[in-house]
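Let's walk through this model together, starting with its nonpolar packing and then moving on to its charged pairs. Have the viewer open as you read.

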Amino acid sequence: MHWTRMLALTGLLAVPALAPRDAAATTFMKTTLEQRVDMADVIVRGTVTEVWTERDDNGVIWTRAQVEVDRVLKGDADLETVVVDQLGGEWAGMHMAMPGASRYSVGEDLVVMVQELESGYMAPVGMFQGKYTVAMDPRIREKIAVRFYVANHRKYDHRFAPLPDESDVVTVADLESRILDAVRKPGAPASVEVK
């Protein structure tokens, strides 16, 4: 699939890396959790073990994150690792900015929803919308699922995930339960297994 078509499918417009930051207008198609679950081919809970960038045959830069799977919430129950692909990144001195891109760092505990593209890449559903960082909330002493966006020009480190307002907290247990409920709805595949 040509990368511009893929951008249109994710509801985004590519923004040249040299454009002023204020000129970078991105439009997201806001989706519900249930819509993201429905669009995803694979949903896993796991840990990022490696992050790298590479350039495809069309010259497009991809950031890739290998996730060691702890739990499959949707997809092949025997899945041990998944490589999550996101347009953009830095490769051989070239930079491709992708507003709305999900970001990853080694050691990050996460829940990620991915869909397989025609190219074979596995992209997060709705860019950053399909990725939740798992963090300990010291206020309630439970692991929570945090979804947030970090601008391309900022360094990303999952250890500094912002805590949501207490009224917006979603525990990981609740998120996984909602995902499983959506997967198990009538007509949905029932491939769920804890590893």
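In this predicted model, the largest nonpolar core has 17 residues, and the members that touch the most others are Val 37, Ile 43, Val 111, Met 113 and Ile 179. Helix 3 is the top contributor, with six. Zoom in on Val 37 and, leaving out residues up to four places away in sequence, you'll find contacts with Ile 43, Lys 74, Met 113, Ile 179, Ala 182 and Val 183. Apart from this core sits another one, made of 15 residues, including Val 48, Ala 65, Val 67 and Tyr 104.

Now for the charges: there are 11 salt bridges in the structure. Take Glu 176 and Arg 71, whose closest N and O atoms are 2.5 Å apart. Glu 176 belongs to helix 3 and Arg 71 to strand 2 (residues 61–74), so this pair ties together parts 105 residues apart in sequence. Both Glu 176 and Arg 71 are buried. They also belong to a salt-bridge network that links them with Arg 45, Asp 109 and Lys 143.

Another salt bridge joins Lys 131 and Glu 108, at 2.7 Å from N to O. Lys 131 is in strand 8, while Glu 108 is in the loop between strand 5 (94–96) and strand 6, 23 residues apart. Lys 131 and Glu 108 are both buried too.

Finally, look at Asp 157 and Arg 159, a salt bridge with its closest N and O atoms 2.4 Å apart. Here Asp 157 counts as partly exposed at 21% relative accessibility, and Arg 159 is exposed at 60%.

Notes:
Residues numbered from 1 in each chain as written. Predicted model: local features only at pLDDT ≥ 70, side-chain atom pairs only at ≥ 80, totals over all residues. Heavy atoms only, no water. Core = buried A, V, L, I, M, F, W, Y, C linked by side-chain atoms within 4.5 Å. Buried < 20%, exposed > 50% of the residue type's maximum accessible area, 1.4 Å probe, protein only. Helix = DSSP H or I, 4+ residues; strand = E, 2+ residues; numbered from the N terminus. Contact = heavy atoms within 4.5 Å. Salt bridge = Lys/Arg side-chain N within 4 Å of Asp/Glu carboxyl O.
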